Amino acid sequence: MILTGNVLIIEDEKELAELVQAYLTKEGISATWAESAEMGLSLFLEKKFDLIILDINLPGMDGFEFLQYFRKKQNIPVIIVSAREADEDIILGLGVGADEFVTKPFAPRVLTARVRAHLRRNNLIQEETREIFAFGEFTLDYDSYILKKNDSPVAMSAKEFEVLRFLVKNAGTAYSPDDIYDSIWKQEFGDIMTVAVYIQRIRKKIDTERGTPSFIKTIHGKGYRFDEERLK
């Protein structure tokens, strides 16, 4: 099963934490449990999390204190789960940076649905801010490995895309075949003629002016350079 997110559960009730953890795991969401706020902060330094489920009544640092400190450093979604249901507690929780306040007892299935909703929204935000480069009739989605010509996908092998992506990302700088081979194939030694073959393949797919390498320039004595003036 493909994991769709990584969640940190900060909860001192072991049975409840394990129940939530089981529901999240069943839905393909990785979940890690911390029994105190201090342990949660320690885990956060070791591992990347996409969302936190946070109890308020914790030994040592309570949930409100944790959230006040955490929000100075991170902006990932935080869902408070607490037996407290007074309006002032809910207002305080939201005021110090919680994204949602869920009162105990709650249905684990409902909490899981809310977690997925937050992760889905967070993924959409990440998609909106991903790097996309445009040149001529083409758009290159840096993270999604997609090249389009006038909104139609262009068939490329993974290595072809990586070579193009490397040159586009570093447009304006000339790289030798050795540099490109080392960056893409991750090998210090190899057949650098491979680079020339891939450049030729890429040019056939992105250069509409036959015989004129309009985007990827050959710099004699240097190597190859993507023409930064062609980027929009």
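Predicted model: local features only at pLDDT ≥ 70, side-chain atom pairs only at ≥ 80, totals over all residues.
## Exercises around helix H6

Arg165 lies in helix H6.

**Exercise 1.** Decide whether Arg165 is buried or exposed, and find what its side chain meets.

*Solution.* Start with the surface. Arg165 has a relative accessible area of 18%. The cut-off for buried is under 20%, so Arg165 counts as buried. Next, list the contacts, leaving aside neighbours within four places in sequence: Arg165 is in contact with Leu140, Tyr142 and Tyr145. Finally, look at Tyr142 in detail. Its backbone oxygen lies 2.9 Å from a polar atom of the Arg165 side chain.

**Exercise 2.** Work out how H6 and H7 are oriented to each other, and which residues make their contact.

*Solution.* Take the axes to begin with. Those of H6 (residues 158-169) and H7 (residues 177-185) come within 10 Å and cross at roughly 120 degrees. Angles of 65 to 115 degrees would count as roughly perpendicular; this pair is therefore oblique. The crossing of H6 and H7 is right-handed. Now pick out the residues: H6 brings Lys159, Glu162, Val163, Phe166 and Leu167, while H7 brings Ile180, Ser183, Ile184 and Trp185. Sorted by class, the contact of H6 with H7 has six nonpolar, one polar and two charged residues.

**Exercise 3.** Do the analysis for H6 and H8: find the crossing angle, the orientation and the classes of the residues in contact.

*Solution.* The axes of H6 and H8 (residues 193-206) come within 10 Å, crossing at roughly 80 degrees. H6 and H8 are therefore roughly perpendicular to each other. On the H6 side, the contact is made by Lys159, Glu160, Val163, Leu164 and Leu167; on the H8 side, by Tyr198, Ile199, Arg201, Ile202, Lys205 and Ile206. Counting by class gives seven nonpolar, no polar and four charged residues for the contact of H6 with H8.

Terms used: Residues numbered from 1 in each chain as written. Heavy atoms only, no water. Axes fitted to C-alpha atoms, helices over the stretch in contact; angles between N-to-C directions. Helix = DSSP H or I, 4+ residues; strand = E, 2+ residues; numbered from the N terminus. Parallel < 35°, antiparallel > 145°, perpendicular 65-115°, else oblique. Left-handed = near helix turned anticlockwise from the far one by under 90°. Contact = heavy atoms within 4.5 Å. Nonpolar A, V, L, I, M, F, W, Y, C, P; charged D, E, K, R; others polar. Buried < 20%, exposed > 50% of the residue type's maximum accessible area, 1.4 Å probe, protein only. Polar contact = N/O pair within 3.5 Å; in protein donor to acceptor, adjacent residues only side chain to side chain.
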